[in-house]
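Student: I have a model open and would like to work through it by question and answer. Can we begin with the overall fold and then go to single residues?

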Amino acid sequence: MSRLATVIIIFMVMIHPLRAEDVAMGERVFQQWCIHCHGEDNSGPGTLRLAWDKGEDKSLLTERHDLNREYVRVVVRRGLDEMPSFRITEISETELNALADFLGR
Ligand code: HEC
């Protein structure tokens, strides 16, 4: 095996637990700040509005596969129609990156 391949494998092994931790942090942020509007019981304004605008299959953020990381970041910082924006003092950049990893998987 070439030295480069060895270095890449070691790097991937090192980085893997970090990525898992990011997604876990993203899920915690989602539970704290988003779930009351984007929950699974179909009563939150986010879930309802997305079902109305985009269709039932797009209503749950946690089941979407078409959400781009950067789009999640922009919507959270700027808000979108009835959705409020979130400040850096509420959701830090590290937390927002983790949230984007969680939703933008
Ligand atoms: C007060 C309720 C509320 C909260 C809290 C909220 N949202 Fe929303 N969200 C909405 C509504 C309503 C929409 C639909 C906006 C529209 O298009 O009218 C929306 C839309 C979105 C969209 C756009 C989806 C698409 O298909 O374009 C994303 C992404 C999103 N929210 C992410 C989040 C995240 C992440 C959080 C937590 C940090 C969050 N929202 C918190 C109400 C909320």
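Student: How many helices and how many strands does the protein have?

Tutor: This is a predicted model, in which local features need pLDDT of at least 70 and side-chain atom pairs count only at pLDDT 80 or more, while totals for chains, interfaces and linings use all residues. Residues are numbered from 1 along each chain as its sequence is written. Helices (H or I, at least four residues) and strands (E, at least two) are DSSP runs, numbered from the N terminus. Read along the sequence, the pattern is α-α-α-α-α, and the count is five helices and zero strands.

Student: What radius of gyration does the protein have, against that of a compact globule of 105 residues?

Tutor: The radius is taken over C-alpha atoms, and the globule rule is 2.2 Å times the number of residues to the power 0.38. The C-alpha trace spans about 55 × 30 × 20 Å along its principal axes. A compact globule of 105 residues would be near 13 Å, but the protein has 17 Å.

Student: Is Glu21 buried or exposed?

Tutor: A residue is buried if 20 or more other C-beta atoms, placed from the backbone, lie within 10 Å of its own, exposed if 12 or fewer, and partly exposed in between. Glu21 is found in helix H1, residues 3-33. Because Glu21 has 11 other C-beta atoms within 10 Å, Glu21 is exposed.

Student: Which helix gives the most to the shell around the ligand?

Tutor: A residue is near a molecule if its C-beta atom, placed from the backbone, lies within 6 Å of it. Of the 24 residues around the ligand, Cys34, Cys37, Gly46, Asp81 and Met83 come nearest. Helices H2 (35-38), H3 (45-54), H4 (69-78) and H5 (93-103) each supply at least two residues of the shell. The most, six residues, comes from H3.

Student: How many nonpolar, polar and charged residues does the shell have?

Tutor: Ala, Val, Leu, Ile, Met, Phe, Trp, Tyr, Cys and Pro count as nonpolar, Asp, Glu, Lys and Arg as charged, and the others, Gly among them, as polar. By class, the shell around the ligand has 16 nonpolar, two polar and six charged residues.

Student: What distance separates the C-alpha atoms of Asp41 and Leu60?

Tutor: Asp41 lies in the loop between H2 and H3. Asp41 is exposed, with 7 other C-beta atoms within 10 Å. Asp41 and Leu60 are 19 residues apart along the chain, and their C-alpha atoms are separated by 9.7 Å.
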